[in-house]
Amino acid sequence: MSDQRRKTLKTILQLTCQILWVVGLVVGLSGVYLLMNYRQSSLFLSHSYITLPAVLALTSAAFLLVSGCLGSWLSLRESTFLQGLFVYLLVLVFCLESTTSALAYFHSTKLDSELAPLRGVFQNYTGSSQDLNSRAVDAAQEELQCCGVHDYRDWLETSWFNRTGGLCVPHSCCNSTFPSCNGAVNQPWQLYAQGCQVKLEIRLQFVLSFLIWGSPLVFLVEVVLFLAVAQLMRHQPVMDYQVLDKN
């Protein structure tokens, strides 16, 4: 192999490893974001299994960053052992990413059942700041800018609504563009129009989509890396034998 071609392969290897770092950061941040969403919405979710893709994504991100560092080192130093280790890490990362994507896709198709406890949490609303469920409902409605499970009319079926006179929904349902809103059901235009279930589904679907598409992206980057390393490994022994012959 000519020195120019070897230099080109090493440049491709270094640039691709930098892309690997970026992909690792995206995958890692997606995992962190999913864990943060679970922490904020754990009362509304039926299982904690949805955190499995996040844990695998963080593990995969760590290996991606390590692989990127090792690949960059290989672009500066030739070592058959390190090349083999690099290929092994790439295979391991692909297995982790494939599992992460499969789990993320599975959970993305089950979000409706995952959010089954949401209605029960709303039904148990008391309006007390000491009640964990009530604080979670108010926080969700204010942050997601939603009202009720599907819309404000869900509040009409709750025991809290009947106990408080049947005139108002929680103040957290008030649209922030109406400062004078007091939650009156006879002024529904002042309330958030969408329910919290669809908002939660959109948020979770958004982060899960990053994890789903992470595997194909990693696969494309790894194909380039495999080709570059294979070419370097293919010609490495020839150079070694030439040195031995001269000796």
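Contact here means heavy atoms within 4.5 Å of each other. This is a predicted model, in which local features need pLDDT of at least 70 and side-chain atom pairs count only at pLDDT 80 or more, while totals for chains, interfaces and linings use all residues. Residues are numbered from 1 along each chain as its sequence is written, and side-chain values use heavy atoms, with hydrogens and water left out.

View 1. Helices (H or I, at least four residues) and strands (E, at least two) are DSSP runs, numbered from the N terminus. Along the sequence the pattern reads α-α-α-α-α-α-α-α. The chain is more spread out than a compact globule, because its radius of gyration is 27 Å, well over the 18 Å that the globule rule gives for 247 residues. That radius is taken over C-alpha atoms, and the rule is 2.2 Å times the number of residues to the power 0.38. The C-alpha trace spans about 100 × 30 × 30 Å along its principal axes. Of the contacts with a separation of 6 or more, 72% join residues 24 or more positions apart.

**View 2. The surface of the protein chain exposes about 13,200 Å².** Carbon and sulfur atoms supply 64% of this area. Areas come from the Shrake-Rupley method with a 1.4 Å probe; for residues, only the protein chains shown count as cover. Of the 247 residues, 43% are buried. Buried means under 20% relative accessible area, exposed over 50%, and partly exposed in between (1.4 Å probe, protein chains only). The chain carries 15 positive and 16 negative charges, whose mean positions are 8 Å apart. Lys and Arg count as positive and Asp and Glu as negative; His and the chain ends are not counted. Each charge is placed at NZ of Lys, CZ of Arg, CG of Asp or CD of Glu.

**View 3. Cys-146 and Cys-196 form a disulfide.** A disulfide is a pair of cysteine sulfur atoms within 2.5 Å. A search of the whole structure finds three. In this one the S to S distance is 2.0 Å. The link is right-handed, with 85° about the S-S bond. Cys-146 sits in the loop between helix 6 (132–144) and helix 7 (159–163), and Cys-196 in helix 8, so the pair ties together parts 50 residues apart in sequence. Cys-146 is buried at 0% relative accessibility. Cys-196 is buried too, at 1%.

**View 4. Cys-147 is bonded to Cys-173.** Their sulfur atoms lie 2.1 Å apart. The torsion about the S-S bond is 90°, and the link is right-handed. Cys-147 is in the loop between helix 6 and helix 7; Cys-173 is in the loop between helix 7 and helix 8. The pair links distant parts of the chain, 26 residues apart. Both cysteines are buried.

**View 5. Cys-174 and Cys-181 form a left-handed disulfide.** The sulfur atoms are 2.2 Å apart. The torsion about the S-S bond is about -70°. Cys-174 counts as buried at 9% relative accessibility, and Cys-181 at 4%. With the bonded cysteines of the chain numbered in sequence order, the pairing is 1-6, 2-3, 4-5.

**View 6. Cys-168 is in no disulfide, and the sulfur of Cys-69 is too far from its closest cysteine sulfur for a bond.** For Cys-69, that closest sulfur belongs to Cys-17, 8.9 Å away. Cys-69 is partly exposed, at 47% relative accessibility. For Cys-168, the nearest cysteine sulfur is that of Cys-174, 8.3 Å away. Cys-168 is also partly exposed, at 26%.

**View 7. Ser-30 is a buried residue of helix 1.** Helix 1 covers residues 3–41. The relative accessibility of Ser-30 is 7%. Residues up to four places away in sequence aside, Ser-30 touches Val-207, Phe-210 and Leu-211.

**View 8. Ser-215 lies in helix 8.** Helix 8 runs over residues 196–246. Ser-215 counts as buried, at 10% relative accessibility. Setting aside neighbours within four places in sequence, Ser-215 contacts Phe-94, Glu-97, Ser-98 and Ser-101. Ser-215 and Arg-163 are 52 residues apart along the chain, and their C-alpha atoms are separated by 51 Å.
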